[in-house]
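Q: Here is a structure I have not seen before. Please show me how to read its features one by one.

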Amino acid sequence: MNILITNDDGIHSESLLPLKEALGQIGKVTIIVPDRERSASAHSITLHKPLRVKEVRLPDSSKALITNGTPSDCVVLGVLEIMERAPDLVVSGINRGPNLAEDMTYSGTVCAAMEGALLGINSFSLSVTSYEAQDFAFAAKFGEALAKILVRNPLPKNVFLNVNIPDLPEEQIKGIEVTRQGKGKYQGVVNKGVDPKGRPYYWLAGEFDPGELEEGTDLKAIAEGKISITPVKLDLTAYELVPELKNMLGGILKCP
Ligand code: MN
């Protein structure tokens with residue numbers, strides 16, 4: 001099995017080696033990651049400058065590739081150009097910090113898995129839900145177990161999994177829940193200040209407020225100390241609105 005690992009925390013992510021070692025148990029691993037942190041880069045790809053790829057060594061002196069692109073660029077490059085044959089699995093992570101609820105849409109980690117799914121490959125994103133996380137051994141082991149399952153049971157086309165793991169010792173994790181995307185809200189997103197030259201600046205740094213936790217959501221599962229696995233579709237169409245919207249637009253649509 002060929003596995004492509006990418007992430008949005010970049011080549012210096014402390015989770016890279018544990019994940020590579022775990023997935024290396026079950027397949028041949030290729031690592032292509034951004035050369036610096038690209039968190040919150042969402043699904044962006046680089047069209048207006050050339051991408052470079054460079055070989056570097058991980059702390060165990062194994063090979064990894066870095067690019068000046070985004071996480072989604074890494075997947076595109078890996079699948080369409082660099083790997084000898086398309087990978088059987090794309091794993092994006094392990095992210096330091098949660099990727100839950102609406103944050104999924106901002107996340108470079110999640111959207112790299114989305115890119116994998118777009119390219120027709122079994123893909124999942126993996127995050128540990130604390131920015132202070134130090135130990136990625138359990139998350140890496142979980143990623144390996146999930147990878148084994150996905151190889152036997154491939155996901156449907158255009159679906160990927162977003163996996164979040166509580167930052168807890170393994171024995172304190174309360175279980176695994178298949179969840180739906182929750183809803184939260186950011187408070188105080190735009191922080192205005194004045195720079196040393198007297199010019200105003202704006203710094204986006206909201207506090208995430210999960211509000212009341214709804215049953216069955218990724219937010220609730222994590223709050224309860226469970227691993228959250230959300231199956232995510234690429235089709236964002238609001239199907240329930242299609243008939244109503246047709247009616248609403250009837251007056252202005254003169255074409256048949
Ligand atoms: Mn990140």
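A: Start with the elements: helices (H or I, at least four residues) and strands (E, at least two) are DSSP runs, numbered from the N terminus. By that scheme I94 is found in strand 5. The model is predicted, so local features need pLDDT of at least 70 and side-chain atom pairs count only at pLDDT 80 or more, while totals for chains, interfaces and linings use all residues. Residues are numbered from 1 along each chain as its sequence is written, and side-chain values use heavy atoms, with hydrogens and water left out.

Q: What kind of peptide bond joins G93 and I94?

A: Most peptide bonds are trans. The bond between G93 and I94 is cis, with omega at about 5°.

Q: Which residues coordinate the manganese ion?

A: Donors are N, O and S atoms within 2.8 Å of the metal (3.2 Å for Na, K and Ca); water is not among the atoms, so sites may look incomplete. In this model the manganese ion is coordinated at 2.1 to 2.2 Å by D8 (OD), D9 (OD), S39 (OG) and N95 (OD1).

Q: How are the donor residues of the manganese ion spaced in sequence?

A: The spacing of these donors reads D-D-x29-S-x55-N. Distant parts of the chain are linked here: D8 is in the loop between strand 1 (2-6) and helix 1 (16-24), and N95 is in strand 5 (residues 89-96), 87 residues apart.

Q: Is D8 buried or exposed?

A: Buried means under 20% relative accessible area, exposed over 50%, and partly exposed in between (1.4 Å probe, protein chains only). D8 has a relative accessible area of 2%, so D8 is buried. N95 also counts as buried, at 6% relative accessibility.

Q: Where does L4 lie?

A: L4 lies in strand 1 and is buried, with a relative accessible area of 0%. From L4 to Y131 the C-alpha atoms are 24 Å apart in space, and the two residues are 127 apart in sequence.

Q: In which helix is M114 found?

A: M114 belongs to helix 4 (residues 108-118). Its relative accessibility is 18%, which means M114 counts as buried. M114 and L168 are separated by 54 residues in sequence and by 27 Å in space, C-alpha to C-alpha.

Q: How many salt bridges are there?

A: Side chains of opposite charge can pair when their charged atoms come close. A salt bridge is a side-chain nitrogen of Lys or Arg within 4 Å of a carboxyl oxygen of Asp or Glu. The count by this rule comes to 14 salt bridges.

Q: With which residue does E55 form a salt bridge, the closest N and O atoms being 3.2 Å apart?

A: That partner is R57, and E55 also meets the side chain of K63 in a salt bridge at 3.9 Å, N to O. E55 is partly exposed at 40% relative accessibility, R57 is exposed at 56%, and K63 is partly exposed at 48%. Elsewhere, D88 forms a salt bridge with R85, with 3.9 Å between the closest N and O atoms; D88 is partly exposed at 32%. A network of salt bridges links E177, E215, K220, E224 and K226.

Q: How much space lies in the largest pocket?

A: On a 1 Å grid over the protein atoms alone, a pocket is an open set of points where a 1.4 Å probe fits, with protein on both sides within 12 Å along at least five of seven lines; lining residues have an atom within 4 Å of a point. The largest pocket holds about 670 Å³. It is lined by 25 residues, of which S39, A40, D103, Y131 and Y186 are the closest to its centre. Strand 5, helix 3 and strand 12 (207-209) are the elements that give two or more residues to this lining.

Terms used:
Grid points are joined across faces, edges and corners, and a volume is the space filled by probe spheres set on the points.
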